[in-house]
Amino acid sequence: MGIQETFMEDDTKWTGDEYTWFFSSSIPTEDKEYRKKTTCGQRKRDAMEHRGFENHGVAVMIRNKILKSVQDIKPLGSRLMEVWINGTIPLQIIKAYSTTAVATDDEKDTFYENLQNNMSGNGFSDTIILGDMNTKLLHQKEGEENIMAK
C-alpha cells in the first residue's frame with residue numbers, strides 16, 4: 001500500500017507485527033540543536049515557509065511475510081520512492097505523490113522528470129506506479145471506465 005502526506009521528518013522505517021512501513025521525506029536532520037529547540041509542528045511550518053523545501057512525505061507499507069523478497073527500498077525525497085521486489089516476476093514499485101495545480105511549472109517539470117528517470121532502464125520486467133497524481137480527467141475514452149473512476 002502506498003501513502004502520501006505523511007509529514008515524516010526522516011527517511012525511516014517502522015516495524016509492526018504484520019507490516020513494515022518505509023517513509024521517504026526531505027526534512028534535513030543534521031541540525032541537532034534546531035531539533036532540540038523546536039517542536040515537530042514548528043519544524044513543519046518552517047519547512048513550508050521555504051519554497052522548494054517540501055515536507056509532504058510518501059511511504060509504502062509492506063507485509064512482513066514478503067519482506068525477504070524486497071531487494072531494495074530507495075527514498076527519493078518527499079514525493080517519490082522506489083521499492084524493488086525480487087519474486088517470480090521482478091517488480092519495481094514507485095510511490096508517487098504529484099505536485100498540485102498551484103505548483104510552478106518548474107516544480108511540475110522536475111517531478112515528472114524524476115518520475116521518468118526512475119522508470120527508465122530499471123532492468124525489471126514490470127513497473128507499478130502507486131500514487132496520487134493530482135490529476136482530473138476531463139474526458140474518458142472508451143474502455144477507461146474500468147481504469148479510472150468517474
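Guide: Asp105 is exposed, because its relative accessible area is 55%. Here buried means under 20% relative accessible area, exposed means over 50%, and partly exposed lies in between (1.4 Å probe, protein chains only). The areas come from the Shrake-Rupley method with a 1.4 Å probe, and for residues only the protein chains shown count as cover. This is a predicted model: local features need pLDDT of at least 70, side-chain atom pairs count only at pLDDT 80 or more, and totals for chains, interfaces and linings use all residues. Residues are numbered from 1 along each chain as its sequence is written, and side-chain values use heavy atoms, leaving out hydrogens and water.

Asp105 sits in helix H3 (residues 105–119). Helices (H or I, at least four residues) and strands (E, at least two) are DSSP runs, numbered from the N terminus. Together with Asp106, Asp109 and Glu113, Asp105 forms a negative surface patch. Patch residues have over 30% relative accessible area and no salt bridge; like charges are joined within 9 Å, nonpolar side chains (Val, Leu, Ile, Met, Phe, Trp, Tyr) within 5 Å. Lys and Arg count as positive, Asp and Glu as negative; His and chain ends are not counted. Each charge is placed at NZ of Lys, CZ of Arg, CG of Asp or CD of Glu.

Now the salt bridges. One needs a side-chain nitrogen of Lys or Arg within 4 Å of a carboxyl oxygen of Asp or Glu. By this rule the count comes to 1. Arg63 and Glu18 form it, at 3.7 Å, N to O. The pair links distant parts of the chain, 45 residues apart: Arg63 lies in strand E4, Glu18 in the loop between strand E2 (13–15) and strand E3 (19–24). Arg63 is partly exposed at 34%. Glu18 is partly exposed too, at 49%.

The largest nonpolar core has 12 residues, among them Phe22, Val60, Ile85 and Ile93. Such a core is a set of buried Ala, Val, Leu, Ile, Met, Phe, Trp, Tyr and Cys residues joined through side-chain atoms within 4.5 Å. Ile93 is found in strand E7. Ile93 counts as buried because its relative accessibility is 15%. Ile93 and Gly2 are 91 residues apart in sequence, but 9.6 Å apart in space, C-alpha to C-alpha.

Last, the whole chain. The protein chain has 3 helices and 8 strands. From the N terminus on, they run β-β-β-α-α-β-β-β-β-α-β. Of the chain's 150 residues, 31% count as buried.
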